[in-house]
Amino acid sequence: MTSVSATPTRRLRVLLIAVLASANILVFALSGYSLYESHREYIRQAQALSQNVAVALDQSISNSIDKVHFALCIVADELERQLAGKGGISKPDMDAFLRRQEERLPEVEALRVANRDGEVILGKGVSESSRTSWADRDYFTYHRDHADHSLHVAKARVGRVSKQFIIGFSIRYNHPDGRFAGVVSAPITVSHFARILAGFNIGPNGSLILRDADL
């Protein structure tokens, strides 16, 4: 009798173990699916946040660059107007003109002007006794060799006049006959862009990095 009654008991035990194992597998499967869906949702939210921040950041930086480009064009127009006159460029008048433009552009470190030889002749921090030269700068060479008024954006560097890390924005200005007359530059400090990035709240584990096309 003992051996006969033990068989159903073993079967019941095996059945219970199988049910318990199946329940555990189901729990693990549901937990894994829940974690997978949570991960996917987190990725979707992170992507949406990244895209929104990228668009907002692009608009903010683009607005700054558009304002700087407009100011550079205004300065170039005034330089060309004075070059077309009998007296040429008036340093006192142009220095005052540059200061007025700078007041409208707090993000710009300064507006400066170089002549056709690359000597910086106008702007904040420019000294008559020891003039700085831009003749070897890539942006100066670019403007000298391109007759249009296109905006050139230089890579981050330490400015020779400002002595700060800057990103340079520049355009060319011409003599009345179209010959190259020099370059107008409007450097923006790297710290300005850092402040723009700091204005975005992306959580304690997020980070924002602004890179150029060459990383």
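**Close-up views of a predicted model**

**View 1. Ser170, a buried residue in a strand.** At 1% relative accessibility, Ser170 counts as buried in this predicted model. Ser170 belongs to strand E6. The side chain of Ser170 makes a polar contact with the side chain of His143, at 2.8 Å. Leave out residues up to four places away in sequence, and Ser170 still touches Leu72, Tyr139, His143, Ser150, Leu151, His152, Val183, Val184 and Ser185.

**View 2. The largest nonpolar core.** This core has 29 residues. Those with the most contacts inside it are Leu72, Val75, Leu79, Val113, Tyr173 and Val184. Several helices and strands each supply at least two residues of this core: helix H1 (2–84), helix H2 (91–103), strand E2 (120–123), strand E6 (169–174), strand E7 (180–185) and helix H4 (190–198). H1 gives the most, with 9 residues. In soluble globular proteins, nonpolar side chains tend to be buried together.

**View 3. Thr189, buried in strand E8.** Strand E8 covers residues 188–189, and Thr189 sits in this strand. Is Thr189 buried or exposed? Its relative accessible area is 10%, and buried means under 20%, so Thr189 is buried. Set aside its neighbours within four places in sequence. Thr189 is then in contact with Glu107, Glu109, Gln164, Phe165 and Ile166.

Methods: Residues numbered from 1 in each chain as written. Predicted model: local features only at pLDDT ≥ 70, side-chain atom pairs only at ≥ 80, totals over all residues. Heavy atoms only, no water. Core = buried A, V, L, I, M, F, W, Y, C linked by side-chain atoms within 4.5 Å. Buried < 20%, exposed > 50% of the residue type's maximum accessible area, 1.4 Å probe, protein only. Helix = DSSP H or I, 4+ residues; strand = E, 2+ residues; numbered from the N terminus. Contact = heavy atoms within 4.5 Å. Polar contact = N/O pair within 3.5 Å; in protein donor to acceptor, adjacent residues only side chain to side chain.
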